[in-house]
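Let's take a friendly walk through a structure. Have a look at the sequence and the model first, and then we can read some details together.

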Amino acid sequence: MIFSLLALHIAVCVLLVATGRRLGRNSLLVGAVPPAAAAVWAATRLGAGRTEAADLSWVEGLDLALAFRVDAFGDIMTVIVSGIGVAVFVYAHGYFAPEAEGTPRFAATLLAFSTAMLGLVWSDSVWSLFVFWELTSVTSFLLVGHKRTAPAAVAAARQALMITAGGGLVLLAGLLLVTDSAGTTLISEMPPLDGTAAGVGAVLVMVGAATKSAQIPFHSWLPGAMIAPTPVSAYLHSATMVKAGVVLVAVMGPALGSLAPWRPLGFAFGIASVFWGAIGALRHRDAKLILAWGTVSQLGMLITLFSAGTPKAVLAAVTLLVAHALFKGALFLVVGEIDVRAGTRNIDELGGLARRMPTAFAVAVLAGLSMAGAPPLLGFIAKEEAVKAAINLDGAEAWIVGFAVIAGSVLTVAYTVRFLVAVFGAGPATTLAMRRAAMSVPAAVLGLAGVAGYAALGQLSDVVGSAATRLSRAGEVADLHRWPGLTLELWISAGVLALGTVVGLVVSRRPGRVPVGYAARWTDASIDGVITFGRAACARIQHGSLPVYLVTMVATAAVAAIPFVGAGGLGHLFAWHSPLQAALALTVIGAAIALAFVGSRVAAGLALGASGITMAALFVVHGAADLALTQLLVEAAVVVGFVLAFGHLSRSFPKVGLRWKTARMAVAGAGGVAVMVGLVAASGDPRAAPPLAEMASASLDEGGGRNVVNVILTDIRALDTLGEVLVLATVALGVVALARASNGAERPSP
Amino acid sequence: MNTALVLAVGGLTAVGVYLLTGRSLSRIVLGYALLGHATVLALLAAGGSAGETPIVGQAAPEAMANPLPQALTLTAIVISFGLTLFLLALARRQRTLSGDDLVEDDIEDRRIASAESERDTVAGEPSGAPAP
């Protein structure tokens, strides 16, 4: 079923790309079909506690496989990802005007994202998880930059991609360390890890999760991404993609939770984001940005709870995950409708909407109360559980996390109240466009789901509880309670609601200034810096001078030879076979040096001849008469060719600067040494003596020749030798063609 | 391994590289020929000890130099000869067309290098992502 669903997603995606132009805006409805199928499939599995696994191995030796495993938590995530997906597809059908350009492209990209997100929450192998993780970053980039011509959209998309994809690289490094320590790439089979390498891996994984889930200080891309069409903000940037980091922390928790840095780091990211996000939500005046900053805060809460990792905390986190997806999705859809109908999202320009958009107002109140944690809504239960889990932690953690959860909840209530009052309360009368049913229905469904979740708490408790059991690998997790009774948590909740309402009302009366986005500016500046640096580096490295390229390459090769110095021992070295070899070796080096430094081309040609003849003599001493003969013939031809080619050119070589000459000499010397090092190291291995007697008798008996070298060339390697002849013939043709061409009258005027 | 031959290989390589990095095509051809020499000597030195020419009847089999590397080396000599000649022809053609035998900079690379510094960034205005 897993592969069938993925295949369905991909097939429809391809279909949309191929036929989108004809379908127009309706491509969004076609795109809703695969998520609907996935949502129904997962919904039938909810609470059944079944685990479905599927894998497709690719490189077995490297443990590279597409391994999927859908358990109770996977079911919940699938219902969220695909269910909200369906709502968003339908909503987008109303959001985009019929004549809007690029809607089919949007539908196809949104469906591609949906596919990647499903793959991510279904992955059991860390490598398939990583691949889908990056795919969500890429599709998010495309969706944020949907308005290709708007520079602000392009810049925001770039920033989102740089941060999330950069975080992806950090995650990759972390996963490498973690899988190395765990000895498996399957998350479900990872034991609780320990050791330094795993600890470093845990830090990197947590940082990767923080970039994706927009945690301080990597949060700046999320408010920036609000420039995307609202369906994208509702789907990717509140309900699903930003949850990827949270999901990662959740599923890796059992393996990494016992490592020292995991919990403190998670608490640090999470708690900082809870507060800074909530403060942001209290200060901004763009309704969508208020929600986005609220998302940063809520994601911080989720990261904190999943990092804590106790069964209670995980239960609270899963409940909050579900509740947040519902209420934040609904709120975004409402804001999108206001944006489309009123033409603005600025809370200073909105007024009287409570009366004039009653459905939207009702949905916003339902979702808002759930966000604030008021009964009788799902958010209330989530917050109760969160408070209970936090104050039941051990020692100082109970105080720190407890304070963060409670104070964060107060701020959450405050920004919710401010949001509702500022958007729907009194203000300048707004002109509204026509109502579109496709926009209000999905929002209402998501809003009512929060009520339904509270009403059907018995079933929900089973579903969430079994997911929490799987995630925390605990035996049994407590049930959710519809009404906790007059416990400490309830009194805390009441206080939170009262205090938060007061703060919210006070803040919403204050005409604030729009804050400056320092983090976003710094991020943009650093990205620009990297690009500028890259351009400058490219201009310096790819300068066009071929000799400098060559010097660089040789110098690199020389450095690469350093590890081989003395490798294989020096015991096999001896001075010479005969002193004559030493004399000839010195002569050939001398001839070469002379060749390099003589001023005239004719003298250089002669020096080349001298070196060639010395080579021939070396061959003779070595016992290679055939080589010597060939060398003499070849050398004569080369010298003649050299003189023919350059003889009537000006006699001396052009002069070059001393510094460049010195650098070339140094690098050339290093290159020579590197070759010697390589040669000595390569010959260090002891080898068997060559079977000389066998070769000699085989030469005579099978090849019918006395000269063993010739028999090898013309008999054993006959085909190679034929190829060699062909090479020479080709060269001869080429040389003749080039020589003929130069005789024509095509010489250009200089 | 024969140190004298190793030294010769190193010396020939060094001078060959030095010549290859010059601007004059004729010197580059010379450098190429020297590198060919170095390679041939390296093959020979790595192939075993010196001995008598491997001709059955003239030398006892156990006194022969290893004939196999010699056969391979012979191919190397011939092929590097072919390439050297072709390089010479190319250099001569270049001389005919431009009047000298100097290696020019890669014009494409030059253009990239200068264009990179001039091209405008697509960044536009800073993103609309204000923070609190």
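Is Leu550(A) buried, partly exposed or exposed? Leu550(A) counts as partly exposed because 19 C-beta neighbours lie inside 10 Å. By definition, a residue is buried if 20 or more other C-beta atoms lie within 10 Å of its own, exposed if 12 or fewer do, and partly exposed in between, with C-beta atoms placed from the backbone.

Before we go on, a word on the ground rules. This is a predicted model, in which local features need pLDDT of at least 70 and side-chain atom pairs count only at pLDDT 80 or more, while totals for chains, interfaces and linings use all residues. Residues are numbered from 1 along each chain as its sequence is written, and chains are lettered from A and ligands numbered from 1 in the order in which they are written.

Back to our leucine. Leu550(A) sits in helix H23 (residues 546–560) of chain A. Helices (H or I, at least four residues) and strands (E, at least two) are DSSP runs, numbered from the N terminus. Leaving aside residues up to four places away in sequence, Leu550(A) touches Leu20(B) and Thr21(B). Here, contact means that the C-beta atoms of two residues, placed from the backbone, lie within 7 Å. Val667(A) is 117 residues from Leu550(A) in sequence, with 9.9 Å between their C-alpha atoms.

Now for the two chains together. In total, 117 residues of chain A are in contact with 97 residues of chain B. The chain A side of this meeting has 78 nonpolar, 26 polar and 13 charged residues. Ala, Val, Leu, Ile, Met, Phe, Trp, Tyr, Cys and Pro count as nonpolar, Asp, Glu, Lys and Arg as charged, and the others, Gly among them, as polar.

Chain B has 4 helices and 0 strands. Of its 132 residues, 54% are buried.

Next come some backbone details. Most residues other than glycine have a negative phi, and most peptide bonds are trans.

| Cis peptide bond | Omega | Loop holding the second residue |
|---|---|---|
| Ile216(A) and Pro217(A) | about 5° | between helix H8 (196–212) and helix H9 (221–224) |
| Pro375(A) and Pro376(A) | about 0° | between helix H16 (358–372) and helix H17 (378–391) |

The loop between H8 and H9 of chain A also contains Ala214(A). Its phi is near 55°, a positive value in a residue other than glycine. Ala214(A) counts as buried, because 28 C-beta neighbours lie inside 10 Å.
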